Amino acid sequence: MKIVVLVKQVPDTWGERRLNLDTGWLDRGGSEAVIDEIDERALEAALAYQDSNDAEVVALTMGPDSAKDMLRKSLAMGADSAVHILDGRLAGADLAWTARVIAAALTKLGYDLVIAGNESTDGRGGVLPALVAEHLGVPLASYLDSVAITPDSIAGERSTELGTMSVRAPLPAVISVTERTAEARFPNFKGILRAKKKPVTVWSLDDLGADAAASPVRSVVLATSERPARSAGTQIVDDGTAGVELAEFLAARHLI
């Protein structure tokens, strides 16, 4: 089985994040760039299957030159190879164009199963796996809290407002996982050394065909502003009516 995991380079979750007020884009120079935590869990789902089955795991990303460091961590965790879509023309690509480019790369690469995180921690679009599945014309099982992979199908559970739903789809398919799936393994010393010898293929838009490069669509930010400073909260001094004041405060904000 060939499993392709979609990974993304994002600013450190615990670092300070700011918007570039000139472009409206996230300022990616303000904190350390790392592999997205949810994508690490997606990679863990693939590696857990590989641990006891015959499978090839490929990490795939679209991003700037610095994303190669994140791909090396994916290889150190256990991925067999990596593919880096690198092209300056993709700067600012919106979700629709990004999905079209990734789908073209997947078609060129070949796959049985595509695993992604449910949403990135920077953009938080949450629709990329669905868009990719639509381009590929394969089933989508999204927001899975658990994953069970067999040689010919994928199954799992997803949480809904009404309870838990069990889903199943034949392969080939695209799935996305949530933070409720297994935590990612840490790269060991041998994995880090082996990662240096594993192949990383770099593709440009020209390598992916005319459809990937055609009709570029970019996100356009019309206005940005800094988040206002946090103001002091409301203080209630208990003079015998604190309970009533607290209830009124919560009711006014529709919290009760």
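**Strand pairing and a charged surface patch**

Strands β8 (residues 146-150) and β9 (residues 153-160) run antiparallel and are joined by 5 bridges. Pairing here requires at least two DSSP bridges between two strands. Helices (H or I, at least four residues) and strands (E, at least two) are DSSP runs, numbered from the N terminus. The model is predicted: local features need pLDDT of at least 70, side-chain atom pairs count only at pLDDT 80 or more, and totals for chains, interfaces and linings use all residues. Residues are numbered from 1 along each chain as its sequence is written, and side-chain values use heavy atoms, with hydrogens and water left out.

β8 and β9 form a hairpin with 2 residues between them. Within this pair, I149 stands opposite I154 of β9. β9 also pairs with β10 (residues 163-170), in the antiparallel sense, over 8 bridges. A hairpin of 2 residues links β9 to β10. Here E157 faces S166 of β10.

The protein contains 7 helices and 12 strands. Its C-alpha atoms fill a box of roughly 70 × 45 × 40 Å along the principal axes. Of its 256 residues, 41% count as buried, that is, under 20% relative accessible area (1.4 Å probe, protein chains only).

D238 lies in the loop between α6 (210-213) and α7 (242-252). D238 counts as exposed because its relative accessibility is 59%, against a cut-off of over 50%. D238, D239, E245 and E248 form a negative surface patch. Patch residues have over 30% relative accessible area and no salt bridge, with like charges joined within 9 Å. A salt bridge places a side-chain nitrogen of Lys or Arg within 4 Å of a carboxyl oxygen of Asp or Glu.

Technical notes:
Patches are made of residues with over 30% relative accessible area and no salt bridge: like charges are joined within 9 Å, nonpolar side chains (Val, Leu, Ile, Met, Phe, Trp, Tyr) within 5 Å. Accessible areas come from the Shrake-Rupley method with a 1.4 Å probe; for residues, only the protein chains shown count as cover. Lys and Arg count as positive and Asp and Glu as negative; His and the chain ends are not counted. The place of a charge is taken as NZ of Lys, CZ of Arg, CG of Asp or CD of Glu.
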